[in-house]
Amino acid sequence: MSEKIDHPSHYAYGTIEAIEVIDDWELGFSLGNAVKYICRAGHKEGNSAVQDLRKASWYINHEIERLEKTSSEG
């Protein structure tokens with residue numbers, strides 16, 4: 001059970017986990033989720049690679065919209 005919470009296999013490819021990159025690069029919520037979905041694309045049972053990449057794309061677009069709104073207000 002702990003592996004499903006602490007170190008799920010669909011995020012543990014290679015020598016580092018997605019959460020380590022997200023924290024180290026201080027990506028925040030939207031970009032962090034995009035990285036998470038990119039990293040697990042095609043690896044999580046029940047989710048297709050396309051489904052995860054579409055989710056990543058949604059979070060990237062959300063961040064673009066947020067940055068554009070912020071820059072137009074400033």
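**Note on a predicted model: surface patches and salt bridges**

1. Asp24 is exposed, with a relative accessible area of 61%. This residue belongs to helix H2, which covers residues 18–24. On the surface, Asp24 gathers with Glu20, Asp23 and Glu26 in a patch of negative charge.

2. The structure is a predicted model, so confidence comes before further detail. The mean pLDDT of the protein is 87, and 81% of the residues reach 70 or more. Among the elements, helix H3 (residues 28–40) has the highest mean pLDDT, 96. Helix H1 (residues 2–6) has the lowest, 56. Where pLDDT is low, the predicted coordinates should not be read in detail.

3. The surface also carries a nonpolar patch, formed by Ile38, Leu53, Ile60 and Ile64. Together these residues have about 320 Å² of accessible area. Which helix gives the most to the nonpolar patch? Helix H4, residues 49–73, does, with 3 residues.

4. Ile60, one of the members of the nonpolar patch, lies in helix H4. Its relative accessible area is 33%, so Ile60 is partly exposed. Patch members need over 30% relative accessible area, and Ile60 has 33%.

5. How many salt bridges does a search of the whole structure find? The search finds 2. They are taken in turn below.

6. Asp52 is in helix H4 and Arg40 in helix H3, so the pair ties together parts that are 12 residues apart in sequence. Are the two partners buried or exposed? Asp52 counts as buried, because its relative accessibility is 0%. Arg40 also counts as buried, at 5% relative accessibility. The cut-off that decides both cases is 20%, under which a residue is called buried.

7. In the other salt bridge, the side chains of Arg66 and Glu63 meet at 2.7 Å, N to O. Both residues lie in helix H4, and they are 3 residues apart, about one turn of the helix. Arg66 is partly exposed, with a relative accessible area of 40%. Glu63 counts as buried, because its relative accessibility is 10%.

8. Helix H4 gives 3 residues to the nonpolar patch, holds Asp52 of the pair with Arg40, and contains both Arg66 and Glu63.

Technical notes:
Residues are numbered from 1 along each chain as its sequence is written. This is a predicted model: local features need pLDDT of at least 70, side-chain atom pairs count only at pLDDT 80 or more; totals for chains, interfaces and linings use all residues. Side-chain values use heavy atoms; hydrogens and water are left out. Patches are made of residues with over 30% relative accessible area and no salt bridge: like charges are joined within 9 Å, nonpolar side chains (Val, Leu, Ile, Met, Phe, Trp, Tyr) within 5 Å. Accessible areas come from the Shrake-Rupley method with a 1.4 Å probe; for residues, only the protein chains shown count as cover. A salt bridge is a side-chain nitrogen of Lys or Arg within 4 Å of a carboxyl oxygen of Asp or Glu. Lys and Arg count as positive and Asp and Glu as negative; His and the chain ends are not counted. The place of a charge is taken as NZ of Lys, CZ of Arg, CG of Asp or CD of Glu. Helices (H or I, at least four residues) and strands (E, at least two) are DSSP runs, numbered from the N terminus. Buried means under 20% relative accessible area, exposed over 50%, partly exposed in between (1.4 Å probe, protein chains only). pLDDT is the predictor's confidence in each residue, from 0 to 100.
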